[in-house]
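Let's take a walk through a protein model, one stop at a time. Keep the picture open and turn it as you read.

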Amino acid sequence: MDPEFIKGIPARIKINFETIREFRKHFKNYLKVYIDETFKRYPTRVILKDGTKIDVNSDAHLTMIRLGFKFLDYDKDNDLTEFKANGKIIKMIGLGYGGDLVVFQNAYKLDVREKVVVDIGANIGDSAIHFVNSGAKRVIAIEPDPFTFDLLRKNVRINGMDSIITPINAVVSDKNGYVKIPYLMENGIGKNVIESKSGVNVQLMTIREIVENYGVSRAEMKMNCEGCEYKALLNSNPEYLEAFDQFGIEYHYGEKPLVDLFSNLGYKVQADKPKKYYNKSSKPHMMNMLCYTLKNKIFGTHDIANK
């Protein structure tokens with residue numbers, strides 16, 4: 001048995017108990033909901049604390065209820081979900097494959113109003129769409145997985161954001177060139193980019209290229225690229241990092257290198273305590289949470305989970 005899998009057992013047990021505790025806050029029948037969610041037994045009926053009964057048809061629908069979003073419609077044939085978050089109607093294809101609805105609660109703590117945002121690890125477009133709805137004037141959305149990238153483009157199109165969001169199929173790295181990766185990568189959300197002998201040639205792109213090719217200045221960066229953050233950021237010339245006023249980074253192998261990097265550049269840095277978990281596409285064992293930076297300003301109060 002994979003040693004990393006064994007190491008991850010305590011973390012998975014903890015996550016399961018946290019999930020049950022979270023469901024208990026919202027549902028009277030929380031144990032049934034937990035079991036049905038675990039084994040993907042949809043549709044299932046949830047009973048809210050006030051007695052309201054709702055038929056739920058997917059993980060995404062369940063998450064919307066917990067986050068307080070209004071579910072509007074689900075087209076199973078096209079895996080198209082329509083919902084309302086922060087007063088905006090949003091359409092998303094592929095939430096069953098990827099996507100992370102917590103981005104619509106500004107999980108990365110970025111103030112994007114009238115700013116250019118570079119979204120590294122844009123997934124199916126959820127964060128990019130959130131940034132536009134939050135007032136960003138332009139989003140450069142970079143996603144390495146070719147299948148996920150296709151979903152990203154579709155979601156940009158169906159939400160009418162083609163003129164604001166620029167989708168790019170690329171792997172952000174510390175070097176140029178190309179890498180061949182499978183069209184449909186294993187694991188959906190939370191996967192690492194693993195080079196293969198067959199698949200699609202995907203461009204390697206440095207932060208320098210992003211800044212120079214797209215005229216980035218006084219911008220914001222959201223980064224969730226399953227470990228690429230260390231190569232891309234630590235090997236980047238400081239002048240290209242300083243093209244960004246603020247970073248919201250999900251780190252995956254510890255926060256210290258990033259905290260040291262941005263502190264030395266004069267940014268105010270705040271990092272969540274890491275959570276360990278097992279990802280079979282990742283070695284060594286992942287330690288991930290969020291790291292926030294802000295240039296030349298002091299952070300306001302954030303609701304940071306230090307569990």
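Among contacts in the chain between residues at least 6 apart in sequence, 58% join residues at least 24 apart. What you're looking at is a predicted model, where local features need pLDDT of at least 70 and side-chain atom pairs count only at pLDDT 80 or more, while totals for chains, interfaces and linings use all residues. Residues are numbered from 1 along each chain as its sequence is written, and side-chain values use heavy atoms, with hydrogens and water left out.

Now the overview. The chain has nine helices and 15 strands; helices (H or I, at least four residues) and strands (E, at least two) are DSSP runs, numbered from the N terminus. Of its 307 residues, 48% count as buried. Buried means under 20% relative accessible area, exposed means over 50%, and partly exposed is in between (1.4 Å probe, protein chains only).

Let's start with a hairpin. Strand S1 (residues 44-47) pairs with strand S2 (residues 53-56) in the antiparallel sense, over four bridges; two strands pair if DSSP finds at least two bridges between them. Arg-45 sits opposite Asp-55 in S2. Five residues lie between the two strands, and in this hairpin Gly-51 takes a positive phi near 95 degrees.

Further along, you'll find an open sheet of three strands in the order S3-S4-S5, with antiparallel pairing. Its edge strands are S3 and S5 (88-93), each pairing on one side only. Strands of a sheet pair through backbone hydrogen bonds, either parallel or antiparallel. S4 (residues 80-85) and S5 pair over six bridges, and the bridge partner of Leu-80 in S5 is Ile-93.

Zoom in on Asp-75, which lies in strand S3 (residues 70-75). Is Asp-75 buried, exposed or partly exposed? With a relative accessible area of 27%, Asp-75 is partly exposed. Its side chain reaches the backbone nitrogen of Asp-77 at 3.2 Å, and a polar contact of 2.7 Å joins the side chains of Asp-75 and Asn-78. A polar contact is a pair of N or O atoms within 3.5 Å; within protein, one must be able to donate a hydrogen and the other to accept it, and residues adjacent in sequence count only if both atoms are side-chain atoms.

Next up: the rings. The structure holds nine aromatic pairs. Rings of Phe, Tyr and Trp (its six-membered ring) pair if their centres lie within 6.5 Å; planes under 30 degrees apart count as stacked, over 60 as edge-to-face and the rest as tilted. Phe-69 and Phe-83 make a stacked pair, 6.1 Å centre to centre with 20 degrees between the planes. This pair links distant parts of the chain: Phe-69 is in the loop between helix H3 (59-67) and S3, and Phe-83 is in strand S4, 14 residues apart. Phe-69 is buried because its relative accessible area is 10%, and Phe-83 counts as buried at 0%. The rings of Phe-69 and Phe-104 have centres 6.4 Å apart and planes at 90 degrees, so that pair is edge-to-face. Phe-104 is in the loop between S5 and strand S6 (116-120), 35 residues from Phe-69, and is buried too, at 2%. Elsewhere, ring pairs link Phe-244, Phe-247, Phe-262 and Tyr-267 into a cluster.

Now find helix H4 (residues 126-133). Why is H4 described as largely enclosed by the rest of the structure? Because seven of its eight residues are buried, including Ile-129, His-130 and Phe-131. Among the elements covering those buried residues are S5, S6, helix H5 (146-158) and strand S11 (219-223). After H4 comes Gly-135, whose phi is positive, near 110 degrees.

Our last stop is Lys-115, in the loop between S5 and S6. Lys-115 is buried, since its relative accessible area is 17%. A polar contact of 2.8 Å joins its side chain to that of Glu-220. Leaving aside neighbours within four places in sequence, Lys-115 is in contact with residues including Gly-135, Arg-138, Arg-218 and Asp-245.

Definitions and conventions: Contact means heavy atoms within 4.5 Å.
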